[in-house]
Amino acid sequence: MAEFTMPSLGADMDEGLLQEWLVAPGDQVRKGDVVAVVETDKAAIEVECFESGTVGRLLVPAGTRVPVGTPLALIEAGAAAGARAGSRAPAAAPHERPEPRREPAREAPRAREREPAGRPVRTAAGPAQPQPPPPTPSPTPTPTEATAALGAGPLVRHLAELRGVDLTTLHGTGAGGRVTRADVEHAPSPHVSRVRSTPYARRLAHDLDVDLTEVRGTGDGGAVRAADVRAHAGKAAGEGERERPRNGARRTAAAVPAADRPEQRTDAMRRAIAELMSRSKREIPHYYLSTTIDLTAAVDWLRRVNRGRPPAGRLVPAALLLRAAALAAREVPSLNGHWRDDGFAAASEVNLGIAVSLRQGGLLAPVIHDADTLPPDALMNRLKDLVERTRRGRLRGSETSGATLTVTSLGDQGVESVYGVIHPPQVALVGFGAVVERPWAAGGMLGVRPVVTATLAADHRATDGAVGARYLTAVDRLLRRPEEL
Amino acid sequence: MTATHTPDATPAAASDRKTTYREAMREALREALRADDRVFLMGEDVGRYGGCFGVSLGLLEEFGPDRIRDAPLSESAFVGAGIGAALAGMRPVVEIMTVNFSLLALDQILNNAATLLHMSGGQLPVPIVIRMTTGAGRQLAAQHSHSLEGWYAHIPGLRVLAPATLTDARHMLAPALADPDPVLIFEHGSLYNVSGDLPADAGPVDLDHAAVRRPGTDVSLITYGGSLPKALAAADDLANGGISAEVVDLRTLRPLDDATIGDSVARTHRAVVVDEGWRTGSLAAEISARLAEQHFYDLDAPVERVCSAEVPVPYARRLEEAALPQTDGIVAAARRTVGEPAPATGRPG
Amino acid sequence: MSTTRTRPNRQAAHRLALLESMLRVRRFEERCVELYSAARIRGFMHLYIGEEAVAVGVNEALTDDDAVVSTYREHGHALARGVPAEAIMAEMFGKATGCSHGRGGSMHLFDAERRFYGGNAIVAGGLPLAAGLALADRMTGRARITCCFFGDGAFAEGEFHETANLAALWQLPVLLVCENNLYAMGTALVRHQAQTDLALRAAGYGMASWAVDGMDVLAVEDAARRAAEGVRAGNGPHFLEMRTYRFRAHSMYDSDRYRDKAEIERWKERDPVEGLARRLREAKELSDKARGALEDRLAAEIDRAVAAAESAPEEPVEDLLKYVTSPVEASPP
């Protein structure tokens, strides 16, 4: 069985719109036959298959836009007349053709295909662009940024920048601790009135321990020049200039203002994420599944358990979701492990990577080792601790590696579902959306119930849709029986 | 035209010879042709005519039509042929009449000469030398006068030379031919008639280093090629006003000698870049940017640039002069950097 | 000008070798299509499928000392020249073991040892280079020739005409092989040339020139041998217009809006590879079994090339600036 995948049709092509199927399940195809029409940014192009055989299932319906490498159909080898199985014989050689080449089945009805193996991959009206999953944790911890700074509006930020005020050092007096314009204006500014001077004069002033604000400038527009600094320092003109110490270290430090560094770190993280995610999308043929799970039982159970607990000690739904994700991974081991050297290696333990977004942008995926052995309470404590320390940049080395399966949740961002990008070399990523109330039909009755959408992005090299489906089914079943968790 | 200044800093020795830039260039070619059978000169009218600017006059008689090879007016074909011959082991010197005409061979220079070594993963070095005239000052108007060497200095894979002195005219060719990679030599049209004494003891020029043509302490005048005599004249004027200007001759426009430029500016703290190219996107812009990057904390004044006006070079003498960098403009720029708009009586504080 | 006739009684072994050589190009490129579709090969990739007879036939007229200058559609020229499939495949994978150390990709294959001077992706840009290689041979009295491949599109470029004139003027030992596949990318010959008889126009420069059936490898070989002999004999440049056709798109994939499907099918009936195979089979020189064995051998060879390319190391990023200028200590001969 071979996969016919979305081909790369040009140097700049990352995805294509499967415009039309020219074959239907059961059709015989030869290597080189045109089987579909793909629309790229440039043109509609007839694309060929590279295997001879019988068209099996069409995995992606016409009208769907999918990334390059996405399996579009299955081709069962060996069935095509005259073609040697697995051989690269000239099946299309004219003199060997036993029958006229079949005309592409343009008449094949577009909607005839059965349900594809996975849920459609990003159909036009489909789920949103998959959310980037966790990158390799950065070796440099990210510094805390005071929440007050986050609340500052752009105008206030701009003002702070002009005055050289570090927002994170301010105590906000606005609503909710927000830093206001007045807070910035009343803050002590490191350089309230910047002295106009040449760079060399500034350096000289530093070397000679001269306060620039006390120097009268004679240059253009009153700029302080080197000569002014020397005059102020009471040195003879021309003397200090040739004798001045060339303090390399000091100059280097001055050339790299400290304020640049967090930005650089953020840039480095962005690049790391870009690199990893590109690699993932380049190498891993993702398939995506989703299911909506009724959380009535889980929510009821949580309410019972939390009764009498102080707010800080209450179990949150996230703990149950993680617990279910971990237990289901144990049940479906072919999603829990790594793709290495062209093969899947199942892991013996369940180490959940947890996608944690950082306030200044970027994200990390710290690991909860042996997550399947932790009861919900322990899991929740680990989770809280881990998220908090991730955001403070205080992760331990062991917490940054070894994940066998990653979980991402954008529920607190208010979205209903998240289709993630797999973190190589892992082979799957589980996503949870927000717990929301929705109309729900059960047993012929309509009611309002708390539900959550669980998704799975999985590596089609390692598993097929049926395996992924088993996993989501297991998560569903576990969450319906919270008392067993 | 006679140069007001002898650009070479070396004082004339007893055995020095009186010569011109043109003759020095010819002498260099003759030496190269005698020294190495693989060397040949190819270009439009290099043979019977004696070279558009008379550089190769007499060489045909000495070396014959095979090695002093007149080419049809096909810049792309004969420059490309020079590249092919270099690939096959020859050491061609290709002459293009003017830099404006070199645009007809730009494909070969950029897409082949500068690129083959890299594109082939190091297999195909291209040891070619391409000479051409550049620059204005002779009322040749807008298709024979431009200074586009800065464009070529933009291209990785090329070495770009601008001999400005008799010594460099005489002694840059040999090291250029010894370079395994393509070398472009830009000869400013106004220099051919410059005469002076050629030091007898001068050897091959070190192509990796710029030269300080005149030491000074207050401001660095950074220039090359046809602007060097103007910069030296400006330094004389400035000295009369008590300002000590150092004159740096880049000589090699790619790769730039950052160390020599930087050392000079670290001493003087002020820089004026003189470049006959247009200001926008010029070599002068590149040097200014490097000074800002590498020597920001050495600068005691904004970097000044003296470039050509942003206009195709006009024919009329007054207009042409106004379009080009001139000594007065260089002096004024230097004065601005030391904060003296008018001629001063004493040295700045 | 005349179209050449093939010689009878050509050795069967030789014909089989030609078939193998063409089939290697064909199968190699078919694999390239797969790898490109799977995004293992990227960039622009121009396939030679349909034109194999030209590269293979012309190569028969060249010796190891001769030089070849090619275009961006050069997989066939490189393979026929003997550049190993591994080195070409690795180059397309951008690997360190590629014949251009990953700096060139599909369009810029080079092999100095085999005097294969690329891989020029500027239409007609290789022509002046070829003239120069030939000039050097002429000046040094070396008895070797330079063969330059280019397409019909080059006839619209000044560099072709400058070089044709220069080569004829200086009587340079260069063999000019125009692969007239009727389209300059998507523009048909009749839409870009006022006079479409290209051999006639080349003859206008005073060089021997004739048109050849570029779909018949035996005709190509004959013509190339004749022309190369003339060049070697010191009769100046010779020009061959190879009338051929590319079966696939200009660059990997295009929508083929500029030509009729029927036209492509008509040309496919003249497939140079299957055409020769049919003749060999009819002459009882190629059994079905032998054909199968040949296919298997080539498939294995290409499999090895792909596997080697897959496992080859990447060029280290630290070497990014390598090969921009020559290392200081090294100087070419």
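User: Leaving aside its neighbours within four places in sequence, which residues is Leu221(B) in contact with?

Analyst: In this predicted model, the contacts of Leu221(B) beyond that range are Ala231(B), Ala234(B), Ala235(B), Ala245(B), Glu246(B), Val247(B), Val248(B), Val272(B), Val274(B), Ile330(B) and Ala334(B). A pair is counted as a contact if the C-beta atoms lie within 7 Å.

User: Which residues have the most contacts inside the largest nonpolar core?

Analyst: They are Leu221(B), Ala334(B), Ala131(C), Val174(C) and Val177(C), in a core of 244 residues. Helix 1 of chain C, residues 12–37, gives the most to this core, with ten residues. A second, separate core has 62 residues, including Ala318(A), Val350(A), Ala355(A) and Leu383(A).

User: Why is Gln139(B) called partly exposed?

Analyst: Gln139(B) has 15 other C-beta atoms within 10 Å. Buried requires 20 or more and exposed 12 or fewer, so a count in between is called partly exposed. Gln139(B) lies in the loop between strand 5 (129–134) and helix 7 (149–152) of chain B. Its phi is near 55°, a positive value in a residue other than glycine.

User: Why is Lys284(C) called exposed?

Analyst: The count for Lys284(C) is 8 other C-beta atoms within 10 Å. The limit for exposed is 12 or fewer, so the term applies. Lys284(C) is in the loop between helix 11 (272–282) and helix 12 (288–311) of chain C. Lys284(C) also has a positive phi, about 60°, although it is not a glycine.

User: How do you know that the length of helix 11 of chain A agrees with its number of residues?

Analyst: Helix 11 of chain A covers residues 376–392, and its 17 residues at 1.5 Å a residue should span 24 Å. The expected span uses one less than the number of residues. The end C-alpha atoms are 24 Å apart, so the two values agree.

User: Which residues of helix 11 of chain A are buried, and what makes them one face?

Analyst: The buried residues are Pro376(A), Leu379(A), Met380(A), Arg382(A), Leu383(A) and Thr390(A). Seen down the helix axis, they fall within an arc of 165°, so they line one face of helix 11 of chain A. As background, an α-helix has 3.6 residues a turn, so residues three or four places apart point the same way.

User: What do the buried residues of helix 11 of chain A pack against, and what is on the face turned away?

Analyst: The buried residues pack against helix 10 (317–331), strand 12 (352–354), strand 13 (356–357), strand 14 (363–364) and strand 15 (367–368) of chain A. The face turned away from the buried side carries the exposed residues Glu388(A) and Arg392(A). After helix 11 of chain A comes Gly393(A), with a positive phi near 75°.

User: What makes strand 18 of chain A hardly covered?

Analyst: Strand 18 of chain A, residues 436–442, has seven residues, and the count of buried residues among them is zero.

User: How many bridges join strand 18 of chain A to strand 19 of chain A, and where is the turn glycine?

Analyst: Seven bridges join strand 18 to strand 19 (residues 445–459) of chain A, and the two run antiparallel. Pairing requires at least two bridges, so the two strands count as paired. Arg438(A) stands opposite Arg449(A) in strand 19 of chain A. The two strands form a hairpin with two residues between them, and Gly443(A) in the turn has a positive phi of about 55°.

User: What makes strand 1 and strand 3 of chain A edge strands?

Analyst: Strand 1 (2–5) and strand 3 (28–29) of chain A each pair on one side only. They belong to an open sheet of four strands in the order 1-8-6-3, with antiparallel pairing. Within chain A, strand 6 (residues 53–58) and strand 8 (residues 71–77) pair over four bridges. Val55(A) stands opposite Ile75(A) in strand 8 of chain A.

User: Which peptide bonds are cis, with what omega?

Analyst: One of them joins Pro424(A) and Pro425(A), with omega about 5°. Another runs from Arg254(B) to Pro255(B), with omega near -5°. Pro425(A) lies in the loop between strand 16 (405–409) and strand 17 (428–432) of chain A.

User: How many residues of chain C are in contact with chain B?

Analyst: 37 residues of chain C are in contact with 35 residues of chain B. Helix 5 of chain C gives the largest share of the chain C side, ten residues. By class, that side has 19 nonpolar, 13 polar and five charged residues.

Definitions and conventions:
Residues are numbered from 1 along each chain as its sequence is written. Chains are lettered from A and ligands numbered from 1 in the order in which they are written. This is a predicted model: local features need pLDDT of at least 70, side-chain atom pairs count only at pLDDT 80 or more; totals for chains, interfaces and linings use all residues. Two residues are in contact if their C-beta atoms, placed from the backbone, lie within 7 Å. Ala, Val, Leu, Ile, Met, Phe, Trp, Tyr, Cys and Pro count as nonpolar, Asp, Glu, Lys and Arg as charged, and the others, Gly among them, as polar. A nonpolar core is a set of buried Ala, Val, Leu, Ile, Met, Phe, Trp, Tyr and Cys residues joined through C-beta atoms within 7 Å. The arc is that of the directions from the helix axis to the C-beta atoms.
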